[in-house]
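Here is a short briefing on one protein chain. Look at the sequence and the structure first, then read the points by topic.

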Amino acid sequence: MLILGGTSAKNIATNLGNRLRQPLVQTSYKRFPDDEFYVRIHDKLAGQDVIIVQTAYPDQKIVELFLIQDAVHDAGAKSITVILPYFGYSRQDKKFEEGEAISARAIAQHISMNADCVITVDPHKDHVLKFFTVPAYSCSAVPTIAQYLKEKNIDFILAPDKGAKERAKEAATLINCEYDYLEKTRIDGFTVKVTPKKLDARGKHVAIIDDIISTGSTMAHSIKELKRQGAKSVSIACTHGLFVGGAKEKLLAADCDEIISTDTIETEFSKVSAAECIAETLLKTVQHIKN
Ligand code: R5P
């Protein structure tokens with residue numbers, strides 16, 4: 001098995017290589033003056049099981065992935081497993097309005113063209129795995145996040161909406177503390193409304209847990225609600241930290257005590273790694289490919 005790290009998942013690729021004691025494939029990447037991407041693989045890949053690790057976000061990184069897949073396929077790899085630490089476009093998982101693209105399906109189908117298997121971390125909805133035309137699996141970074149929160153003596157977990165309730169429950173069970181959820185209504189891409197609800201958070205060290213922090217609006221509203229209800233501290237944690245549109249400033253202005261994210265998207269808040277859950281899933285999956 002050989003690990004090939006793309007430009008958007010260097011940390012996870014290195015971490016996976018170390019965990020699995022597998023070498024990283026030597027590659028050259030550059031951009032032409034017109035910003036088009038160039039990839040060249042230096043190692044011999046013929047007959048090898050190759051694991052490509054590349055987060056599919058933002059758009060440029062998706063094109064990079066397609067070119068890497070093409071080069072690996074052309075080099076005669078025996079199998080290609082694509083690890084998408086973050087599966088960009090997966091939130092557009094259906095037509096919300098007539099005439100829209102099902103973006104998750106479009107990206108998944110193209111990735112499947114040069115792949116035998118795909119693994120992703122905490123997809124927004126599990127059904128997006130069905131859009132790949134090759135076997136696709138997901139793993140969860142929640143246990144790793146929960147371990148970090150446990151060490152920080154968090155004693156209450158909150159989900160910012162009903163959709164994230166199971167994630168909060170899983171983390172709370174691992175930490176052995178209480179959990180609850182809020183009712184959130186999304187108005188548009190930048191605006192959300194959080195319905196006030198009595199929570200048992202007074203005097204507690206609370207962590208709000210979600211799959212994605214994008215603009216930070218969901219978390220900022222939830223932090224304010226918790227502080228209003230007397231929480232002693234409010235940390236926020238997510239698997240995929242996009243932090244767009246002034247999210248950091250918004251979260252700090254909401255009096256957030258700590259921001260925690262994994263490294264599926266590498267940022268200053270990547271305090272835990274998704275590599276552990278990926279490695280576990282990869283070992284099971286590669287066994288499956290070999291059989
Ligand atoms: C949506 O349901 C997701 O789980 C997140 O809650 C959402 O993507 C967060 O977006 P934002 O940070 O822009 O509020």
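Asn176 is exposed, because its relative accessible area is 70%, above the 50% cut-off. Asn176 sits in the loop between helix 5 (165-175) and strand 9 (178-181). Its phi is near 70 degrees, a positive value in a residue other than glycine. The model is predicted.

**Overall build**

- The protein chain has eight helices and 14 strands.
- Its radius of gyration is 20 Å, close to the 19 Å that the globule rule gives for 291 residues, so the chain is as compact as a globular protein of that length.
- Along the principal axes, the C-alpha atoms fill a box of roughly 60 × 45 × 35 Å.
- Of the 291 residues, 53% count as buried.
- Take the contacts between residues at least 6 apart in sequence: 63% of them join residues at least 24 apart.

**Surface and charge**

- The protein chain exposes about 13500 Å².
- Carbon and sulfur atoms supply 49% of that area.
- There are 37 positive and 38 negative charges.
- The mean positions of the positive and the negative charges are 3 Å apart.

**Domains**

- The chain is divided into domain 1 (2-140 + 274-290) and domain 2 (142-272).
- The C-alpha centres of domain 1 and domain 2 lie 28 Å apart.
- At the contact between them, 17 residues of domain 1 meet 18 residues of domain 2.

**Backbone exceptions**

- Most residues other than glycine have a negative phi, and most peptide bonds are trans.
- A cis peptide bond joins Tyr57 and Pro58, with omega about -10 degrees.
- Pro58 is in the loop between strand 4 (49-53) and helix 2 (59-74).
- Asp35 has a positive phi, near 80 degrees, and is not a glycine.
- Asp35 belongs to the loop between strand 2 (27-31) and strand 3 (37-41).
- Asp35 counts as partly exposed, because its relative accessibility is 40%, between the 20% and 50% cut-offs.

- Ile80 is part of strand 5 (residues 79-84).
- Ile80 is buried, because its relative accessible area is 3%, under the 20% cut-off.
- Not counting residues up to four places away in sequence, Ile80 touches Val50, Ile52, Gln69, Val72, His73, Asn114, Ala115, Asp116 and Cys117.
- Leu67 is 13 residues from Ile80 along the chain, and their C-alpha atoms are separated by 13 Å.

- Ile213 lies in strand 12 (residues 205-213).
- At 1% relative accessibility, Ile213 counts as buried.
- Its contacts, leaving aside neighbours within four places in sequence, are Met219, Ile236, Cys238, His240, Gly241, Leu242, Phe243 and Leu251.
- One of these contacts is Ile236.
- Ile236 is 23 residues from Ile213 in sequence and 9.2 Å away, C-alpha to C-alpha.

**Helix 4 and helix 6**

- Helix 4 (residues 142-151) has Val142, Thr144, Ile145, Ala146, Tyr148 and Leu149 as its buried residues.
- Glu225 is in helix 6 (residues 217-228).
- What is the relative accessible area of Glu225? The value is 8%, so Glu225 is buried.
- Beyond four places in sequence, Glu225 touches Leu182, Pro196 and Lys197.
- Leu226 is also placed in helix 6.
- Leu226 counts as buried, with a relative accessibility of 0%.
- Which residues does Leu226 contact, leaving aside its neighbours within four places in sequence? They are Leu158, Leu199, Ala201, Val206, Ile208, Ala231 and Val234.

Notes: Residues are numbered from 1 along each chain as its sequence is written. This is a predicted model: local features need pLDDT of at least 70, side-chain atom pairs count only at pLDDT 80 or more; totals for chains, interfaces and linings use all residues. Side-chain values use heavy atoms; hydrogens and water are left out. Helices (H or I, at least four residues) and strands (E, at least two) are DSSP runs, numbered from the N terminus. The radius of gyration is taken over C-alpha atoms; the globule rule is 2.2 Å times the number of residues to the power 0.38. Buried means under 20% relative accessible area, exposed over 50%, partly exposed in between (1.4 Å probe, protein chains only). Contact means heavy atoms within 4.5 Å. Accessible areas come from the Shrake-Rupley method with a 1.4 Å probe; for residues, only the protein chains shown count as cover. Lys and Arg count as positive and Asp and Glu as negative; His and the chain ends are not counted. The place of a charge is taken as NZ of Lys, CZ of Arg, CG of Asp or CD of Glu. Domain bounds come from an automatic or database domain assignment.
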